Amino acid sequence: MSTGKQDTQRTSGAHAIERGTHATYSREAFTQSPARTRALERKRRRRRRRVIIGSIVGVIVVLLAAVALFGYSQYRALQRVEATLKADAAAIMTDVSALQDDLTARDFAAAADTEQHLLARARHMRELLSAEEFDFAERIPTYGSDVTGARTLVDTLITLTEDALIPCTQTLVDNPISGLYTSDGGINLASLYTLLDAVDPAIPVVEESLATLASLEEFHLPQMQELITPALAKVDDLKDTFTQAASLLHDIKPIVMALLGEDGTKNYLIAAQNSAEMRATGGFPGALGLLMIRDGQFTLGDFGRPYELMADRVDASYGITDVEMAASRSQMKYQRDAGYLPDFARAAWIWARGYEEENGIHVDGVISLTPSIVQRVLEIAGPITLEDGTVLDGTNATRVLQHDLYWDYLSRYTQRWWSATYVDELFAQAAKLAFHALMDNANSDTVMQLVDVALASVESGEAMLWLADEADQAAIAGLGCSGTLNEDPTAPVVGVFFNTYVPSKTAWWLDQTTTIGEGVKNADGTTTYRVESTFANAISADEARTGGNYIMGSYAYGVMEPIIELVAPAGGSIAGVEDNLGFSWVEADYEGHQMIYDTAGAIRPGETLVVTFTVTVSADAAADLAWRSQPTLTAYRLA
């Protein structure tokens, strides 16, 4: 036993000595080895960093989880709202389409109701887009701009509806167009001016809305693009419709006030131009009549032939220039032939002065109409019957006035010594009866139809207006109804005009077209276009033989001997004029425009004159070259 203890003690002692020795060795090793000490210190620091980083990562994971949970919640909320937004957007598009239909149908009461529905939907969309979920979404880079854009669009729609559409439509509801007419057939000027005044406050609202919509950026989220883009297109359509109407009403307001006699009695010479005897302004002034307006009351005098109602020749006081005389082959010496040159304002001034000299009545303006307008008026007012029993209506008036009456009374087999005067009288009678038919049937529907006719006729050049007051004339020049030459180099227009030189009614068979090629940019910034104009004589051999001198021209037998005038755009030029029938061409300066006109040439029945030339427009041009001409009768001949 003792021996075992001793062994055990010895072993324990040995271990103790071992541990002691080892411990003593380790302390000595650290004491004696600085490198070893530094290594252990670095190890301890790494352990501490791992603990700290682990803690930070843990916090970040927790935060990300929270954000993800919150973001998912917001995403789910956005999803719940999306269906409602889509429904509202679809409803708004339906309302906008309905509103356009209401306005087109001139059902202003229905339009007012539709606008209220539209406003309510837009406000609901704004309420949805103002939710907290969209505030969160708006802070997301890139896609947040989609939310901003959607909110801007809806706010703009609300402003446009609330501050422009509704006030204007409500004015039309409160002041119906039927109330514009007085019991004695005049116009209620107070009601008319109320309607015109309603537009002015809306225009700045529309302009600001335009600027806002134009500044919107494209949407990034497909869902937002799908939701907003169709609505934006519809709002844009509505904006365009309103802008055009508002701008037109705003522009014509001072003209309407001047025309309707706010400043006293106004006298307007109505010139019914005969397009069968073509002039650059639209035709020979075959019938003249005086329209008097006082305090909204209309009085129309008898129509008569220009030979009776106008002094014959011009004198030095008219200031006819050498160019005007040469380009018209001396026809400008007659007041009635002032339309040989393509400036309606100049021709109207001469007609007005000639009428004043002959009748002693001051003329405040000239209104030019072609027979095609008589037909459009009769579509609204109904048929009329001339004294010889001829019935004119909205389907035949132009053909009868520009062809059939001449053939009935003035062909080779029907002509009598009194026929020419009689046909002129029927022409004048048609103009007067059509005007009276319109006034006798005036109501809210017919006046709106007449507005459509007037706008279409102004655009085609079949109706033009000149006012003696210079300020009023300057205003209508911007409306495109003055018939003056284009003076804007940024919107270049080349003029191509046809005049019947030999007295005849052959322009019934004139087919005129102009085509403009692709522009070629020049080194100086200008652009050059190749232009081709064709003038076809569609008279058949049989018509030329049987038509007679009055219709086909003395000694001409259907041969057209025109005066063709090419007028360069403002700031532009014409070069290289060529044709296929050997015409002779002269260049001149006409009212600051280069003009090239022919001095001799003929187009026989069945022939087509083809004139080619180049037009160079100003470096300031912001639009492609367009062309302007007098209206022709082709569509009515072929109908």
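Student: In which loop is Glu591 found?

Tutor: This is a predicted model, and in it Glu591 is found in the loop between strand 14 (584-590) and strand 15 (593-600).

Student: What makes the phi of Glu591 worth a remark?

Tutor: Most residues other than glycine have a negative phi. Glu591 is not a glycine, and yet its phi is positive, at about 55°. Ser330, which is found in the loop between helix 10 (322-327) and helix 11 (344-359), also has a positive phi, of about 70°, although it is not a glycine.

Student: Why is Glu591 called partly exposed?

Tutor: The relative accessible area of Glu591 is 37%, and buried means under 20% while exposed means over 50%, so a value in between is called partly exposed. The relative accessible area of Ser330 is 33%, and therefore Ser330 is partly exposed by that rule too.

Student: How do you know whether Asp101 is buried or exposed?

Tutor: Asp101 lies in helix 2 (residues 34-104), and its relative accessible area is 52%. Exposed means over 50%, so Asp101 is called exposed. The C-alpha atoms of Asp101 and Ala111 are separated by 8.4 Å, and these two residues are ten residues apart along the chain.

Student: Why is Thr527 counted as buried?

Tutor: Thr527 has its place in strand 11 (residues 527-537), and its relative accessibility is 11%. Because buried means under 20%, Thr527 counts as buried.

Student: Which residues does Thr527 touch, if residues up to four places away in sequence are not counted?

Tutor: Thr527 touches Gly519, Val520, Lys521, Asn522, Val615, Thr616 and Val617. For one of these, Thr616, the separation along the chain is 89 residues, while the C-alpha atoms of Thr527 and Thr616 are separated by 5.5 Å. As for the protein as a whole, residues 24 or more positions apart account for 71% of the contacts with a separation of 6 or more.

Student: What makes the pair of Tyr409 and Tyr422 edge-to-face?

Tutor: A pair of aromatic rings is described by the distance of the centres and the angle of the planes. For Tyr409 and Tyr422 the distance is 5.4 Å centre to centre, and the angle between the planes is 75°.

Student: Why can the pair of Tyr409 and Tyr422 be said to tie parts together?

Tutor: Tyr409 lies in helix 13 (residues 397-410) whereas Tyr422 lies in helix 14, so their pair ties together parts that are 13 residues apart in sequence. Tyr409 counts as buried because its relative accessibility is 16%, and Tyr422 counts as buried because its relative accessibility is 16%. Together with Trp418, Tyr409 and Tyr422 form one aromatic cluster.

Student: How do you know what classes of residue make up the contact of helix 12 with helix 14?

Tutor: On the side of helix 12 (residues 371-381), the residues are Pro371, Val374, Val377, Leu378, Ile380 and Ala381, and they meet Phe427, Ala430, Ala434, Ala437 and Leu438 in helix 14. By class, this contact has eleven nonpolar residues, no polar and no charged ones. The axes of helix 12 and helix 14 come within 9 Å and cross at roughly 35°, and the crossing is left-handed.

Student: Which residues touch the most other members of the largest nonpolar core?

Tutor: That core has 88 residues, and Leu392, Phe535, Leu566, Ile574 and Phe613 touch the most other members. Helix 14 (residues 419-440) gives the most to this core, with eleven residues. A second, separate core has 33 residues, including Leu269, Met310, Tyr355 and Tyr590.

Student: How many of the protein's residues count as buried?

Tutor: The protein has 639 residues, of which 46% count as buried.

Key
Residues numbered from 1 in each chain as written. Predicted model: local features only at pLDDT ≥ 70, side-chain atom pairs only at ≥ 80, totals over all residues. Heavy atoms only, no water. Core = buried A, V, L, I, M, F, W, Y, C linked by side-chain atoms within 4.5 Å. Buried < 20%, exposed > 50% of the residue type's maximum accessible area, 1.4 Å probe, protein only. Helix = DSSP H or I, 4+ residues; strand = E, 2+ residues; numbered from the N terminus. Axes fitted to C-alpha atoms, helices over the stretch in contact; angles between N-to-C directions. Left-handed = near helix turned anticlockwise from the far one by under 90°. Contact = heavy atoms within 4.5 Å. Nonpolar A, V, L, I, M, F, W, Y, C, P; charged D, E, K, R; others polar. Phe/Tyr/Trp six-rings, centres within 6.5 Å; stacked < 30°, edge-to-face > 60°.
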